Amino acid sequence: MVEIRNVKKSFRKDWYALNDISLSVDKGDFVFLTGPTGSGKSTLLRLIYMDIFPDEGEVAVAGFLSSTIKKHEIPLLRRRIGIIFQDFKLLRNKTVYENVAFALEVTGESGRKMKEKVMKALALVGLSHKRNEFPYRISGGEQQKAAIARALVREPFILLADEPTGNIDPEGSMEIVRILQDINTSGTAILMATHDVELAKRVSNNSVHLEEGRMVEG
Ligand code: ADP
Ligand code: MG
């Protein structure tokens with residue numbers, strides 16, 4: 001599903017943000033990407049959703065290759081990937097429902113089918129009762145649930161999560177992780193970046209650790 005082969009990525013001369021990274025994520029996997037701030041976690045996720053491209057090596061995602069993908073194909077790739085961030089990135093002037101619906105509107109979906117999908121995604125994260133609230137009226141944990149629903153509504157094969165619990169209290173964080181586990185159990189692969197090694201250990205025995213752009217043991 002996702003395969004990263006001997007990837008190097010540099011943003012400046014004589015220094016690699018990622019240095020010889022190889023990693024694969026398969027159907028049903030829940031993989032943690034751990035490492036301190038600046039170790040290259042977000043850079044690795046950006047390579048997977050092809051926001052940036054490797055200097056050396058190759059990234060293969062859902063049949064697309066970093067070396068041959070065309071610019072117009074990138075939105076097609078992104079439709080198949082769900083992405084959530086530490087700061088949620090919800091649209092402020094739209095309700096929870098509208099935020100989730102918008103992710104489908106841009107794919108051309110509308111009508112009753114769309115409404116059903118949105119309601120299903122909101123139910124999955126336990127946010128149906130807050131569907132008419134604006135993001136600033138709900139907690140951080142609830143905003144992240146809305147962001148998860150928005151990512152899920154397109155039925156991605158993988159969900160990329162970049163420090164999804166970074167702005168949420170410990171209790172709310174565990175709830176988010178539990179939702180991600182549910183999503184994983186129903187077949188969606190998850191790749192979650194976090195600096196919280198303890199959290200990763202508690203949840204999964206499948207983790208990759210980065211230090212200064214290199215993969216290290218433990
Ligand atoms: P993490 O997500 O683990 O905190 P990042 O992937 O964001 O780490 O960053 C890894 C390293 O690459 C850091 O030293 C960061 O400053 C650098 N970096 C990331 N993106 C850029 C960029 N666009 N331009 C220059 N340096 C960058
Ligand atoms: Mg980061």
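**Helices and a ligand**

Mentor: Helix α3 (residues 96–105) packs against α5 at an angle of about 25°, with the axes 8 Å apart. This is a predicted model, so local features need pLDDT of at least 70, side-chain atom pairs count only at pLDDT 80 or more, and totals for chains, interfaces and linings use all residues. Residues are numbered from 1 along each chain as its sequence is written, chains are lettered from A and ligands numbered from 1 in written order, and side-chain values use heavy atoms, leaving out hydrogens and water.

Trainee: What describes two packed helices?

Mentor: The angle between their axes and the distance between the axes. Here axes are lines fitted to C-alpha atoms, for helices over the stretch in contact, with angles from 0 to 180 degrees between N-to-C directions. Helices are DSSP runs (H or I, at least four residues), numbered from the N terminus.

Trainee: At what angle do α3 and α4 cross?

Mentor: Roughly 125°, with the axes of α3 and helix α4 (residues 111–124) coming within 10 Å.

Trainee: Now, which residues are around ligand 1?

Mentor: Count a residue as near if one of its heavy atoms lies within 4 Å. Around ligand 1, that gives Phe11, Trp15, Ala17, Pro36, Thr37, Gly38, Ser39, Gly40, Lys41, Ser42 and Thr43.

Trainee: Which atom of glycine 38 is 2.7 Å from a ligand 1 oxygen?

Mentor: A polar backbone atom; a polar contact is a pair of N or O atoms within 3.5 Å. For lysine 41, a polar side-chain atom lies 2.8 Å from an oxygen of ligand 1, and for serine 42 a polar side-chain atom is at 2.9 Å from a ligand oxygen.

Terms used: Polar contact = N/O pair within 3.5 Å; in protein donor to acceptor, adjacent residues only side chain to side chain. Helix = DSSP H or I, 4+ residues; strand = E, 2+ residues; numbered from the N terminus.
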